[in-house]
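The following exercises concern the reading of a single structural model. Each task is followed by a solution in steps.

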Amino acid sequence: MNEVRSPARTGAAAAKAAASASEAPLPANLRRNAPLVPTDSAASRALAAVIAILTFLAALCAGAAEIAVSSASQWQGSVAQEVTVQIRPGAGRDIEADVKRAESLSRAAPGIVGARIFSKAESERLLEPWLGSGLDMSDLPVPRLIALTLASDRSPDLTALRAALTEALPGVASLDDHALWLQRLSTMANTFAGIGIGIVLLVLFATGLAVVFATRGAMAGNREVVEVLHFVGADDDYIAKAFQSRFFRLGLRGGALGAGAALLTCALAGLFARMWRSGPAGEEIEALFGTFQIGWQGYAIIVLIGVIASLVTAAVSRFTVRRFLR
C-alpha cells in the first residue's frame, strides 16, 4: 500500500533541499564578488608575460634605431664641418709647392677657419685599409690632402674656392665637399629608422593578435555570465567596457614590465660602453655607435611604446568583444 505523504513532510523536504542547494559552492565565474574577466588566472599571467616580451623587443628595436639615427647625425655633423682639398702629383711639378699654394688659397677664402696639411706618411696610412700595410708606396703617386675646417656661423662659398683652385692649379687640385657621403649617411639613417618603425609595428600587430585570441577565450569561458548579464538588462557596451578595463590592466602590467626591462638594458649598455671606452675596443665602439647613449628621446620612445602596447590591448579587446557579441 502506497505511503501517503503529508503536506508538512513534503514542505520540510523541499526546504531542506533548497537549503542544501544554496550551501553548495558556485563556480568561480558565477560567484557574487568574482570579476567578469579574472586577471590573476594562469591565462591572464601568460598574456601579461607575452605582452611584456613583445614590448621589450619593440622597445629594443626602437632604441637601436635611435642609436643608429643619432650616430648618423653625429657623423653628418662631423663630415659637414670639413671639406677636403686633394693635390695630385704631376710630372715636372713640385707637389710641396702645390700644397702650399692650395693651403694659402684655402685660408684666404671666406668661411674657412682652419687648414691642416696631411703629410706624405699620413696620406699613405689612409690607403692601408684598401692596400694593406707593409707596402712600399714611395714610388706611387699618392695624392696629398688638406683638411679645411668650415666656420659654423657663416656659410663658405665653396664654388668660388673650387674655381680658384682649378684656375691656380689646373688638373692638380680638386675640392671634395663630401656631398656623396652625406647623402649616403642620410639614406642609411632613414633606412635604419624605417626598419625600426616597421619592426615596432609588427610587434604591436603580434600583440594585438595575442589579445584577440585571449579575449575570445575569455568570452567563451564566461559565456554563461554574459548570458545572465544580457538577461538582467546589461547591453553590449557595458560588457565590452568590463573586458576592456581588465585587458587594459593586463596590457599596462605587461607594457610596464617590458618597457622597464628595455630601459634597464639600455642603461646598462651605456654604462658598459663608458667602462670599455678607455680600451681599443671601446674606441672602435664609440667610433661606430658614438657614446651608445639613446638620450632622453630614446627613453621617451621606450616609455611611449609601453603605453601604446597597453592602449592596443584595451582597444583590441573591446573590438573583439563587440564582434563576438553580434
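pLDDT is the predictor's confidence in each residue, on a scale from 0 to 100, and contact denotes heavy atoms within 4.5 Å. The model is predicted: local features require pLDDT of at least 70 and side-chain atom pairs count only at pLDDT 80 or more, while totals for chains, interfaces and linings use all residues. Residues are numbered from 1 along each chain as its sequence is written, and side-chain values use heavy atoms, with hydrogens and water left out.

**Exercise 1.** Determine over which residues pLDDT stays under 50.

Solution.
- Step 1: The mean pLDDT of the protein is 77, and 79% of its residues reach 70 or more.
- Step 2: Residues 1-32 stay under 50, and the model has nine contacts beyond four places in sequence for this stretch.
- Step 3: Where pLDDT is low, predicted coordinates should not be read in detail.

**Exercise 2.** State the strand order of the open sheet and identify the strands at its edges.

Solution.
- Step 1: Helices (H or I, at least four residues) and strands (E, at least two) are DSSP runs, numbered from the N terminus; two strands pair if DSSP finds at least two bridges between them.
- Step 2: The four strands are ordered E2-E3-E1-E4, with antiparallel pairing.
- Step 3: Strands E2 (112-117) and E4 (173-176) stand at the edges; each has a single partner strand, so one side of each lacks a neighbour in the sheet.
- Step 4: Strand E1 (residues 82-87) pairs with strand E3 (residues 144-150) over six bridges in the antiparallel sense. Thr84 stands opposite Ala147 in E3.
- Step 5: Helix H3 (residues 95-108) packs on the sheet and touches E1, E2 and E3. Helix H6 (residues 158-168) also packs on the sheet, touching E1, E2, E3 and E4.

**Exercise 3.** Which residues touch the most other members of the largest nonpolar core?

Solution.
- Step 1: A nonpolar core is a set of buried (under 20% relative accessible area, 1.4 Å probe, protein chains only) Ala, Val, Leu, Ile, Met, Phe, Trp, Tyr and Cys residues joined through side-chain atoms within 4.5 Å.
- Step 2: Among the 19 residues of the largest core, these are Val85, Ile87 and Leu148.
- Step 3: E1, H3, E2, E3, H6 and E4 each give two or more residues to this core.
- Step 4: Beyond four places in sequence, the contacts of Val85 include Ala102, Leu148, Leu165 and Leu175.
- Step 5: A second, separate core of 18 residues includes Ile51, Val226, Ala234 and Leu250.

Methods. Axes are lines fitted to C-alpha atoms, for helices over the stretch in contact, and angles run from 0 to 180 degrees between N-to-C directions. Buried means under 20% relative accessible area, exposed over 50%, partly exposed in between (1.4 Å probe, protein chains only).
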